[in-house]
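Work through the exercises below with the model open beside you. Try each task before reading its solution.

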Protein chains: 2
Amino acid sequence: MKVLLRISFLGTNYCGYQVQPNGVTVQQKLNEATKDLFGYDCDIIGCSRTDSGVHANEFCVTVTKRKESFLDTSIPVDKIPQALSVRLPEDISVMSAEEVSEDFHPRYDVKYKEYVYKIWNRPWRDPFLAGRSWHCPKPVSKEGLENMKIAASKLVGTHDFASYMAADSKIKDTVRTVYETEITEENGLITFRVSANGFLYNMVRIFVGTLMDVAYERIAPEDIEKITEARDRMAAGSTARPEGLFLNRVVY
Amino acid sequence: MKVLLRISFLGTNYCGYQVQPNGVTVQQKLNEATKDLFGYDCDIIGCSRTDSGVHANEFCVTVTKRKESFLDTSIPVDKIPQALSVRLPEDISVMSAEEVSEDFHPRYDVKYKEYVYKIWNRPWRDPFLAGRSWHCPKPVSKEGLENMKIAASKLVGTHDFASYMAADSKIKDTVRTVYETEITEENGLITFRVSANGFLYNMVRIFVGTLMDVAYERIAPEDIEKITEARDRMAAGSTARPEGLFLNRVVY
């Protein structure tokens with residue numbers, strides 16, 4: 001069998017998901033835990049890369065025996081989450097495990113993903129949101145918030161999102177379909193939610209940097225269309241900090 | 001002037017609020033920050049003690065020059081929060097400062113306080129709630145949750161709460177008035193909210209330990225009255241872990 005794990009992790013202490021030569025990653029911790037549990041090296045394939053400090057309320061990986069298309073174990077699949085979680089640090093958790101077909105691919109088979117980005121918008125810092133939000137202390141006005149909502153709605157649809165891709169990315173096909181965006185505010189916490197069939201490198205963080213420029217009246221909401229049409233990274237706002245970003249849902 | 005600060009802190013790294021001979025406390029960090037800002041030792045008086053690992057969404061302290069009833073400074077009161085926050089670690093924040101009369105006392109003048117207690121009730125651990133909730137992995141049934149609500153409602157009123165006080169507490173007057181209790185559940189997170197004119201040592205944590213016994217059908221909800229009437233610590237449930245407890249509001 002091939003096993004799909006749904007995990008969650010607090011990204012603060014990791015250099016992102018993907019194994020790197022320098023720095024501890026989530027994938028490395030999963031490599032160690034699966035080897036300890038199953039007794040052999042495994043191939044762990046993730047649903048996406050994440051940057052250093054980015055979090056996941058839900059992230060998916062498949063586990064197979066290294067260089068094989070299956071996992072060789074007598075452990076019942078429903079016991080795997082708990083058995084792996086005790087072998088992982090407190091900031092990584094395995095929520096569920098299920099058997100998938102051998103040709104299932106955790107990245108290519110994604111129908112859509114949803115990200116959430118949190119902005120703490122009070123003058124004082126919140127100890128509970130440190131490392132889990134972007135602190136923008138300058139108050140966003142009611143009008144600024146309404147303009148953010150208008151601007152966010154203009155990101156929905158099938159567009160060439162090249163303006164919202166990190167300049168050093170080598171991806172050629174920059175057309176993606178954004179299904180839904182939402183801006184909400186509650187007691188000083190502004191939350192941006194976005195779902196799409198795929199995301200370019202830093203796309204959500206550049207969306208958020210641009211939306212905060214709208215919030216602070218540096219960009220008018222109606223300019224979003226022009227920014228998108230420019231297909232030029234220079235046209236959009238800055239890249240928002242990584243620690244406010246959460247991969248929230250992965251749908252197959 | 002005498003200054004009242006509203007602060008918040010993540011209690012994970014502290015041995016509670018009150019200065020202790022061993023271990024770092026929130027009060028100690030406030031002593032250091034105020035001395036650095038004002039240039040002299042200050043008296044910091046808090047609205048209550050908190051145990052190691054307990055958090056505060058809101059906690060109040062007064063600041064005066066040591067052995068004086070006033071604070072001697074040219075810093076405008078509305079600039080104090082930011083000036084102190086930069087001198088405090090990331091897990092302590094000063095949200096606001098206001099001038100109060102010299103006879104104001106941050107503990108004796110409290111009208112009521114509200115605590116919140118968070119219980120994470122899913123089989124898997126949540127990396128974002130680690131150290132910020134009590135993980136009870138066994139699912140609470142719908143009926144168990146309804147019974148918790150009934151039991152919680154029976155704690156409201158003016159009662160002798162001796163059954164819900166740590167056995168080693170030396171307090172003699174154990175009568176308090178609980179104004180309101182509330183149990184809510186959302187996506188596996190059970191939240192208990194309670195406000196009262198005062199709280200005995202460990203009272204909220206013993207309430208929660210007892211309510212979880214109700215949730216798991218070890219105590220019937222109608223037994224709460226008998227437990228209260230017993231005025232005996234042995235009659236109530238266990239003391240819930242400290243890390244799920246948050247002082248949430250202090251009203252003068």
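Predicted model: local features only at pLDDT ≥ 70, side-chain atom pairs only at ≥ 80, totals over all residues.

Residues are numbered from 1 along each chain as its sequence is written, chains are lettered from A in the order in which they are written, and side-chain values use heavy atoms, without hydrogens and water.

**Exercise 1.** Describe how helix 3 and helix 4 of chain A pack.

Step 1. Find helix 3 at residues 142-153 and helix 4 at residues 203-215; their axes are 8 Å apart, at an angle of about 140°. Helices here are DSSP runs (H or I, at least four residues).

Step 2. Classify the angle. Helix 3 of chain A is therefore oblique to helix 4 of chain A. (Under 35 degrees is roughly parallel, over 145 roughly antiparallel, 65 to 115 roughly perpendicular, the rest oblique.)

Step 3. List the contact (heavy atoms within 4.5 Å). Helix 3 of chain A brings residues including Gly144(A) and Met148(A), while helix 4 of chain A brings Leu211(A) and Met212(A), among others.

**Exercise 2.** Find what links Asp51(A) to Arg205(A).

Step 1. The two form a salt bridge, with the closest N and O atoms 2.8 Å apart. (The rule: a side-chain nitrogen of Lys or Arg within 4 Å of a carboxyl oxygen of Asp or Glu.)

Step 2. Asp51(A) sits in the loop between strand 2 and strand 3 of chain A, Arg205(A) in helix 4, 154 residues apart.

**Exercise 3.** Count the salt bridges between chain B and chain A.

Step 1. Between these chains the count is zero.

Step 2. Over all chains, the count is 31.

Terms used
Axes fitted to C-alpha atoms, helices over the stretch in contact; angles between N-to-C directions. Helix = DSSP H or I, 4+ residues; strand = E, 2+ residues; numbered from the N terminus.
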